[in-house]
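Trainee: I would like to learn how to read a structure like this one. Could we take it feature by feature?

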Amino acid sequence: MDFSVPKEYVVYRNQVEAFATTELKSNIIDRDYQGEFSRDLWRKCGEFGLLGLASEPQYGGSHSEIDVLRAVFGMQGLGYGCNDVGLGIAINAHLWAVQMTISEFGNEDQKQRFLPRMASGDWIGAHGLSEDDAGSDVYSLKTSAVEVEGGYVLNGHKRLVTLAPVCDVAVVFANTNPTLGKWGITAFLVEHGMKGFTRLPVQHKMGLRTVPIGRLQFNDCFVPKENILGQVGAGWSISGYSLEYDRCCILSAKLGSMEKQVELAVDFTKKRKQFGTTINNFQAVSHRIASMKSRLEIAKLLLFKMAWMKQQGQSAMLDGAILKLFLSESYVESSMDMIRIFGGSGYLTQHGIERGLRDAIGGIIYAGTSDIQKNIIASHLGL
Ligand SMILES: Cc1cc2nc3c(=O)[nH]c(=O)nc-3n(C[C@H](O)[C@H](O)[C@H](O)COP(=O)(O)OP(=O)(O)OC[C@H]3O[C@@H](n4cnc5c(N)ncnc54)[C@H](O)[C@@H]3O)c2cc1C
């Protein structure tokens, strides 16, 4: 077994980190407070090539092939260099839940129409699966698609959709034959501007405030046949495919954030003095950082293994569930540890520490809650 990392991945990670550190600076505390998504930062990420990681080069992709391992190394650099955690989530949702899904299931016409614009950052993609009454039990979704001449008419809604309020195209799952249950689900590419399609305004939320999240509404929305993604009735397997990529990659930038947290904690505890000594000398404090470091290193191994499996074209349902569960819960625990370590300063917004905890919580909910990941793991054990 070889654990050495190809040099090109390390170089790429460092390039992305340098780009993020210099080009993605923003007044994150104000933007978090205002709940402001930065189209300017998005555009810069497009110019740098970060938004084309899930497209092949002939469709605007930034590299000679889609390489999931290289991408997660890059995302680690992004998370380390850029303190806008919402931006990292937005990029990964756009890439893996939408762009990768079109790269895999789209026909030639769809790839040409959507991928280059998504890769450049001109277009933003969203993935609409969840509904008010279809969360963890997502395949009980009620959005309907009725066949008419030349296409389908969609009625229903999606909720909690990352980037929904600003999306140009959404992969939307609707049922074309409810008598077949989940086997009747079909994926559609719904474009902003289509009659009957509404992107509802931003919904305010606890964290990840720099990425807009909201509802999509379909009222007699006609979608032409050319915008069916994959086969009619293949929506269930398409969503399974995209969820697996989502679980692998959506949190990859958080690895970089966790790396940064460890460095900040070490630095702070070596300077902060109480009882006549720096607080790193208290074992209660240093052990907390030791736990943060351990979580980071275990999460790294899980993420790189999962990315390697996807790169080999393997299905990785079990590994994806373990990774998603461990990385998301670890980020919450380490973000909580940061507040304990920084004490009152950690609680004050101005130091940027409390934002980490607020941003971390969403990770234990989206792409399947931690309970759902445990269900998947248990079912693989025959339980
Ligand atoms: C920040 C964020 C971004 C999101 N982005 C998207 C997106 O881009 N696209 C999209 O389609 N959706 C998105 N979602 C929605 C997300 O996928 C759902 O919120 C999630 O699947 C949980 O569904 P729910 O909120 O309806 O909770 P529910 O399913 O109602 O769950 C409530 C509680 O019950 C537990 N529970 C439910 N069923 C079981 C079970 N069988 N076993 C054990 N426990 C169970 C859950 O774990 C949870 O604790 C996003 C959510 C968040 C928070």
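Trainee: At what angle do helix α8 and helix α9 pack, and how far apart are their axes?

Mentor: Two packed helices are described by the angle between their axes and the distance between the axes. This is a predicted model. In it, α8 (residues 252-271) packs against α9 (residues 283-311) at about 160°, and the axes are 10 Å apart. An angle over 145 degrees counts as roughly antiparallel, so α8 is roughly antiparallel to α9.

Trainee: Is the crossing of α8 and α9 left-handed or right-handed?

Mentor: The crossing is left-handed.

Trainee: Which residues make the contact?

Mentor: From α8 the contact takes S252, L255, M258, E259, Q261, V262, A265, V266 and T269. The α9 side consists of V285, I289, M292, K293, L296, A299, K300 and L303. By class, the contact of α8 with α9 has 11 nonpolar, 3 polar and 3 charged residues.

Trainee: Now the domains. Which domains does the assignment give?

Mentor: The assignment for the chain lists domain 1 (7-124), domain 2 (127-234) and domain 3 (239-380). Taken over C-alpha atoms, the centres of domain 1 and domain 3 are separated by 21 Å.

Trainee: How many residues does each of these two domains put into the contact?

Mentor: The size of an interface is often given as the accessible area lost when the parts come together. Here we have residue counts: 26 residues from domain 1 and 26 residues from domain 3.

Trainee: Which elements supply the side of domain 1 that touches domain 3?

Mentor: Those giving two or more residues are α2 (28-34), α4 (68-81) and α5 (85-105). Of these, α5 gives the most, with 12 residues. The residues on this side of domain 1 divide into 15 nonpolar, 8 polar and 3 charged.

Trainee: Last, the ligand. Which residues come nearest to the ligand?

Mentor: There are 21 residues around the ligand, and G135, S136, G362, T369 and D371 come nearest. The shell is made up of 9 nonpolar, 10 polar and 2 charged residues.

Trainee: Where in the chain does the shell come from?

Mentor: At least two residues come from each of β1 (125-128), β3 (151-162) and α12 (370-380). The largest share, 4 residues, belongs to β3. In terms of domains, domain 2 (127-234) and domain 3 (239-380) each provide at least three residues of the shell.

Key: Residues are numbered from 1 along each chain as its sequence is written. This is a predicted model: local features need pLDDT of at least 70, side-chain atom pairs count only at pLDDT 80 or more; totals for chains, interfaces and linings use all residues. A residue is near a molecule or strand if its C-beta atom, placed from the backbone, lies within 6 Å of it. Ala, Val, Leu, Ile, Met, Phe, Trp, Tyr, Cys and Pro count as nonpolar, Asp, Glu, Lys and Arg as charged, and the others, Gly among them, as polar. Domain bounds come from an automatic or database domain assignment. Axes are lines fitted to C-alpha atoms, for helices over the stretch in contact, and angles run from 0 to 180 degrees between N-to-C directions. Angles under 35 degrees count as roughly parallel, over 145 as roughly antiparallel, 65 to 115 as roughly perpendicular and the rest as oblique. A crossing is left-handed if the near helix is turned anticlockwise from the far one by less than a right angle, and right-handed if clockwise. Two residues are in contact if their C-beta atoms, placed from the backbone, lie within 7 Å.
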